[in-house]
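I opened this model to see how the chain is put together. My notes are below the display.

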Amino acid sequence: MGQGRKEYVFEGPNGKVTLAELFDGRSQLVIYHFMFGPDWQEGCPSCSFVSDHIDGALAHLAARDVTMVMVSRAPLAKIEAFKKRMGWRFKWVSSYGSDFNPDFHVSFTKDEMAQGKVNYNYTTQEFPSEEAPGISVLLQGRRRRRLPHLLHLRARHSSHSSART
């Protein structure tokens, strides 16, 4: 997949930010792949339910050298409007226009969807949406300026019945 070799750039409230910068000085990064496609008007209801419980956990994660960030393909303006409407404070960045989501197998092209099965959750399977939920846990090497080695662990929701179609 090459997650440690590509220079992914996201759009955040304060401008562009790299994957390495998302660690925010910590050694561990939890990315919640929030289902919110570029043409959607709002985020996934199930992802929203999960996100309603994130703000309170952030201090506990930070105390354990963990940064948590939400990532979606929706443009930042849509993300910011939805985040404000929902009353959330956690960090949420846009991967709009980058390879990040497809490389992490949480967004699928129209061609992939037309084939009937996509590479999701470590297997080829049917999936009802071009966007998929997931959690990626990245560990940064000792050299914090560069990401020479990332350990990428992924956990997925066990059911995707609530995914948008």
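The entries run from the whole chain down to single residues.

**Ground rules.** I am working with a predicted model, where local features need pLDDT of at least 70, side-chain atom pairs count only at pLDDT 80 or more, and totals for chains, interfaces and linings use all residues. Residues are numbered from 1 along each chain as its sequence is written, and side-chain values use heavy atoms, with hydrogens and water left out.

**Whole chain.** I looked up the secondary structure and found 6 helices and 9 strands in the protein chain. Helices (H or I, at least four residues) and strands (E, at least two) are DSSP runs, numbered from the N terminus. Next I checked burial, which means under 20% relative accessible area; exposed is over 50%, and partly exposed lies in between (1.4 Å probe, protein chains only). Of the 165 residues in the protein chain, 43% are buried. I then turned to contacts, meaning heavy atoms within 4.5 Å. Among those in the protein chain between residues at least 6 apart in sequence, 62% join residues at least 24 apart.

**Cores.** I searched for nonpolar cores: sets of buried Ala, Val, Leu, Ile, Met, Phe, Trp, Tyr and Cys residues joined through side-chain atoms within 4.5 Å. The largest has 20 residues, and F10, L19, L22, L29 and F100 touch the most other members. Two or more residues of this core come from each of α1 (19-22), β3 (28-33), β4 and β6. A second, separate core has 18 residues, among them C44, V66, M68 and W92.

Leaving out residues up to four places away in sequence, L29 touches L19, L22, F23, T67, V69, S136, V137 and L138.

**S136.** S136 counts as buried because its relative accessibility is 0%. Its side chain makes a polar contact of 2.7 Å with the side chain of H33. Such a contact is a pair of N or O atoms within 3.5 Å; within protein, one must be able to donate a hydrogen and the other to accept it, and residues adjacent in sequence count only if both atoms are side-chain atoms.

**P133.** I placed P133 in the loop between β7 and β8. P133 has 5% relative accessibility, so it counts as buried. P133 and Y32 are 101 residues apart in sequence, yet 7.6 Å apart in space, C-alpha to C-alpha.

**Cysteines.** How many disulfides does the cut-off give? A disulfide is a pair of cysteine sulfur atoms within 2.5 Å, and the count comes to 0. C44 is in none; its nearest cysteine sulfur, in C47, is 3.7 Å away. That is too far for a bond. C44 is buried at 1% relative accessible area, and C47 is buried at 1% too.

**Backbone.** Which residues other than glycine have a positive phi? I logged D65, at about 65°, and Y122, near 65°. D65 lies in the loop between α3 (58-62) and β4 (66-72). At 27% relative accessibility, D65 counts as partly exposed. Y122 lies in the loop between β6 (118-120) and β7 (123-125).
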